Amino acid sequence: MLRKIYFETPLFLGGITISEVLERLSSIGVTIALDDFGTGYVSLSHLRDHPVDCIKIDQSFVSGLGQDVGNTAIVHALVALGKSLDLDIIAEGIETEGQLDYMTAVGCDCGQGYYFSKPISAEQITEYFNQADTNRLVGAA
């Protein structure tokens, strides 16, 4: 069952608007997430105009935490915006325990990145979860 759909580039659907497609998907229970939020084609109007359930904060902001005041301010603003709109928030590109701790402290719901695992095949996922430290995986996306 499809649970999430991410969109990060403009979609041209030949007469059907993206809003209509997303509304239909949402009505059957598909979770809609904005990928790479804060960069690329995704804008604030997507939060207003589409049935969005989740934002994924781009890894370029997460990687600069503690090193760049601008990244830290942007992460705080994105988390606050997401929370005020009752959206789930995923931090992309978590590579260190410090980044995980920071994102958890500011209210981020989930994280993904090499801190949890390098990319693995579908066949490897069961073994990974059987052997994984569950404390480390809490909140992993």
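Which elements make a right-handed β-α-β unit with helix H2? Strands E2 and E3 do, with helix H2 (residues 44–49) between them in name order. A crossover counts as right-handed if, with the strands pointing away from the viewer, the path from the first strand over the helix to the second runs clockwise.

## Basis

This is a predicted model, in which local features need pLDDT of at least 70 and side-chain atom pairs pLDDT 80 or more, while totals for chains, interfaces and linings use all residues. Residues are numbered from 1 along each chain as its sequence is written, and side-chain values use heavy atoms, without hydrogens and water.

## Overall content

The protein chain has seven helices and five strands, taken as DSSP runs of at least four residues (H or I) and at least two (E), numbered from the N terminus. Their order from the N terminus is β-α-β-α-β-α-α-β-α-β-α-α.

Of its 141 residues, 34% are buried (under 20% relative accessible area, 1.4 Å probe, protein chains only).

## Strand pairing

Strands pair if DSSP finds at least two bridges between them. E2 (residues 31–37) is largely enclosed by the rest of the structure, because six of its seven residues are buried. E2 runs parallel to E3 (residues 54–57), joined by three bridges; Phe37 has Ile57 as its bridge partner in E3.

E3 is in turn parallel to E4 (residues 88–91) through four bridges, and Cys54 lies opposite Asp88 of E4. Two bridges link E4 with E5 (residues 110–111), also parallel, and Ala91 is partnered by Gly111 in E5. Helix H5 (residues 97–105) carries the chain from E4 to E5 in a right-handed β-α-β crossover.

Methods: Buried means under 20% relative accessible area, exposed over 50%, partly exposed in between (1.4 Å probe, protein chains only).
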